[in-house]
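Subject: Structure handover

Hello,

Here is the structure I said I would pass on. My notes on it follow below.

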Amino acid sequence: MTLCLIIGIVIGFNIQVDWRVPVYCILTLLLLLFWAKRKQTRNGFPYFELIFVFATSLLGIFIVTVAQSKSLPTHYSKKNFTEQKLWELKIREVLKPNPFTQRYVVNVISLENEQSSGNLILNFPIDSTAKKLKVDDELIVFSKAETIKPSLNPHQFDYKDYLKKLGIYHQIRVNSKDYIFKESASTTIYGLASNFREHIITKLKTKDFGEDELAVIQALLLGQRSDISESTYNNYKNAGAVHILAVSGLHVGILLLLLQFLLNPIERFPKGKGIKLVLIVFLLWAYAFIAGLSPSIVRAVTMFSFLAYAMYLNRPTNAFNSIALSMFFILLIKPLFLFQVGFQMSYAAVFAIVWIYPKLQQFWFPENYLIQKIWQLFSVSVAAQLGVLPISLFYFHQFPALFFVSNLLIIPFLGFILGMGVLVILLSIFIVYPILWFTLTTK
């Protein structure tokens, strides 16, 4: 199912069709599925399987067409948007600013007071006196949409192509004072999560510690990397450990193992395993909420929620099925995730660990406990790197050779760092702040 859905998404992304075409085809195939189920024999021609393959692929075409939204009648591109128009916009995501511009991803609510849809990049010039916009803020601007320029040099990062894979095709430039705030803006769960994360960061900023330490804990635990200095980022990059600064599958996987260990006593109670599973999934999503519900953390928590269920079933073959099922549901809701490098590398690494790690363990099983743990950690690193190697070479044309060394030094302590860091965040919410614990989590 997942493979067929991926094929459909790739086809639908590259071949623009009207959204109604795959819908009519799917409805027709559903009727044929009912007929094929009755006609299908065990050793006969696989009518049912072939129809199901086509139906799932068409589903992929439909969802990616809707996600791109350009074929929808309400999309702003159906109207004259290249002239000065009145736009009603809602902030969806705050992007990392550059030296000259503060950028936001916005949803189009209306164009010239007519209901519209679609996503845009909203650009403001850097102004220290201007109020920084937040997720869920709604504003009215009078401007025109511009086409995003492609890269000019060969092999240069193509920002236009990157935004196209997010369903964004145009941008709006507005001066910091040429907009009007809407007073009664609707609230979404993304806005609540973003405000809660900012509330935590505000409390942490009131404490007496260095800027670098605060920037690291914001990135390591809360997924907020905008305050990291270039020198600190380059140090992590050169050490092959920049992935530590992005809240993703690595952090959520370690958090899952910590929760599995801490909640083990619950299994002694009646139906304890089921209660433990519910608590683990709830706590994983609570952490995603604290981290602002960014796309990377949402997909990581979704994937590991399914893996937690596979661990609950305790059947070896369920790991692959659970990973594929989590991918299916993520792509069903957010099909454009398929074209994001982070999504591809996360699943490639997890698939490789589940597949290659057991095979590496069969080569050698040392009797010494310390050597055994080092070998296990090294095997996980090798398996993950073999999984992401083709993707890394394709997109970045390089391979981080220091990854193995840095992982052997950092990963054993990352569980302790995450655990203590989450405790620091919880204590800071209740205005209790242990400086020593914070120092241990950031140094």
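Helix 10 and helix 12 are roughly parallel to each other, because their angle of about 25° falls under the 35 degrees that count as the limit. Please keep in mind that this is a predicted model.

Some detail on that pair first. Helix 10 covers residues 295-313 and helix 12 covers residues 341-363, and their axes lie 11 Å apart. The crossing of helix 10 past helix 12 is right-handed. On the helix 10 side, the residues in contact are Arg299, Met303 and Leu307; on the helix 12 side, they are Gly342, Phe343, Tyr347 and Val350. Sorted by class, this contact has five nonpolar residues, one polar and one charged.

Which of the elements supplies the largest share of the lining of the second largest pocket? That is helix 14, with seven residues.

As for the classes in the lining of the second largest pocket, 14 residues are nonpolar and two are polar. No charged residue is found in the lining of this pocket, whereas the contact between helix 10 and helix 12 has one.

Regards

How values were computed:
Residues are numbered from 1 along each chain as its sequence is written. This is a predicted model: local features need pLDDT of at least 70, side-chain atom pairs count only at pLDDT 80 or more; totals for chains, interfaces and linings use all residues. Side-chain values use heavy atoms; hydrogens and water are left out. Helices (H or I, at least four residues) and strands (E, at least two) are DSSP runs, numbered from the N terminus. Ala, Val, Leu, Ile, Met, Phe, Trp, Tyr, Cys and Pro count as nonpolar, Asp, Glu, Lys and Arg as charged, and the others, Gly among them, as polar. Axes are lines fitted to C-alpha atoms, for helices over the stretch in contact, and angles run from 0 to 180 degrees between N-to-C directions. Angles under 35 degrees count as roughly parallel, over 145 as roughly antiparallel, 65 to 115 as roughly perpendicular and the rest as oblique. A crossing is left-handed if the near helix is turned anticlockwise from the far one by less than a right angle, and right-handed if clockwise. Contact means heavy atoms within 4.5 Å.
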